[in-house]
Amino acid sequence: MENTGRREFLKGVIAKTIGFSLVSFPVKAMALDRRPDRLHFAFPEKPMEVSRKTGKKKGGRIVVIGGIHGNEPGAYKAADMLMDVEVSRGELIVLPRTNFTSILAFKRGYNGDMNRKFAALSRQDPDYPYVKKIKEIIREYKPDVVLSLHDGFGFHSVNRNAWGQCIVIDEKVYGGFNLYAVASSVASYVNRFVDKKEWKIPVYSTRTFSPDTRHREQRKSLTYYCLSKCDIPAFCLEVSKQLPSLKDKVRFHLLMLEKFFNLYGVEIKPSFKNLYRRFLSEDSKKGTAVAVLTINGRKHIVVGSRTFKVPAGSEVSFQSFSGRRGVFGVPRGVNLNWKTFYVKGGLSVDVKDDFEKLFSLHFLLV
């Protein structure tokens with residue numbers, strides 16, 4: 001049952017102040033042809049990471065979602081940092097890489113725009129299990145707010161048609177939620193730390209619920225789903241893709257998150273300032289990874305580039321990839337939705353940390 005008292009308390013606070021687990025899903029496999037002159041490859045299921053942590057002190061409940069678009073690293077890197085924090089007050093649920101396939105491919109939507117799939121979606125769509133899981137988590141936990149993190153193009157303060165560097169809301173006021181007041185409070189806080197005029201954070205209302213909106217496509221988005229179907233306020237946090245570095249993108253996401261957490265009564269350790277310092281110290285370090293696989297039943301543990309010469313008809317099965325949370329294997333020239341498949345000739349598999357290649361494994365047919 002929803003804690004209505006908690007929600008009313010948070011509304012009052014805002015008005016005045018203007019675990020770890022892995023959840024994975026099967027992906028429909030496609031075999032090319034069962035012939036002895038081919039190699040058969042199998043990969044583990046891609047994980048959808050979910051972290052839920054509750055503090056000892058009562059507070060609000062926040063869901064943070066990153067990675068809906070795979071070519072927006074500032075968003076999912078910032079969300080990923082929250083996986084390791086301690087929560088001292090309130091409750092925090094984090095889904096940092098909701099579209100892992102697109103992240104590995106470094107594409108906005110490997111299977112189409114996931115943020116246009118929250119209204120209706122075929123069960124045959126490769127993104128279906130992930131969108132379904134996001135919806136289930138929102139309905140199950142009934143958070144006080146959902147924060148969807150993105151990296152958008154351009155600077156909204158300079159170009160009103162640009163989505164970068166702003167807080168996007170679907171309406172100024174909807175269902176008793178003063179979305180504009182909350183977003184304005186966050187923007188005002190962040191802008192205290194901004195010197196460049198074009199980097200300022202304004203509030204962008206798409207007026208999604210209005211009959212004459214210019215953004216009807218937003219009615220298929222995550223934030224619209226939260227508001228219209230779940231009665232939960234939701235905000236889209238956009239930093240600019242044109243910011244000079246990843247560290248700048250992460251910094252702005254953390255600044256916005258810090259104020260949202262303050263408004264909704266969630267406290268974490270370390271502080272957001274120290275969290276960013278940790279990111280700066282770790283960002284320059286190249287990730288490490290371990291790939292565990294079997295070739296015709298023989299186990300191999302690999303930590304760097306390697307070439308395997310394998311006979312026709314061989315079975316290559318990747319058991320696991322470990323390292324940072326974004327580590328996974330990406331076969332070249334193969335549909336990334338396939339979990340198991342056959343190839344004629346050789347194949348190269350890049351072991352990536354999110355979109356960055358760490359090393360490659362090459363399989364040559366002999």
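Residues 19–34 of this predicted model have a pLDDT that stays under 50. For residues 19–34, the model has 45 contacts beyond four places in sequence. The protein as a whole averages a pLDDT of 91, and 89% of its residues score at least 70. The points below turn to an open sheet of 5 strands and to Ser205, which is placed in strand β8.

**The open sheet**

- The 5 strands of the open sheet follow the order β12-β11-β14-β2-β16, and their pairing is mixed.
- Strands β12 (298–302) and β16 (340–344) stand at the edges and have a single partner strand each, so one side of each is left without a neighbour in the sheet.
- On average, neighbouring strands of this sheet are turned by 25° against each other, with direction ignored.

**The pairing of β11 and β14**

- Strand β11 covers residues 289–295 and strand β14 covers residues 315–323.
- These two strands, β11 and β14, run antiparallel and are joined by 7 bridges.
- Val292 stands opposite Ser320, a residue in β14.

**Ser205 and its surroundings**

- Ser205 lies in strand β8, which comprises residues 203–205.
- The backbone nitrogen of Arg207 is reached by the side chain of Ser205 at 3.4 Å.
- When its neighbours within four places in sequence are left aside, Ser205 is in contact with Ile169, Asp170, Glu171 and Lys172.

Methods:
Residues numbered from 1 in each chain as written. Predicted model: local features only at pLDDT ≥ 70, side-chain atom pairs only at ≥ 80, totals over all residues. Heavy atoms only, no water. pLDDT = per-residue confidence, 0-100. Contact = heavy atoms within 4.5 Å. Helix = DSSP H or I, 4+ residues; strand = E, 2+ residues; numbered from the N terminus. Polar contact = N/O pair within 3.5 Å; in protein donor to acceptor, adjacent residues only side chain to side chain. Pairing = 2+ DSSP bridges. Axes fitted to C-alpha atoms, helices over the stretch in contact; angles between N-to-C directions.
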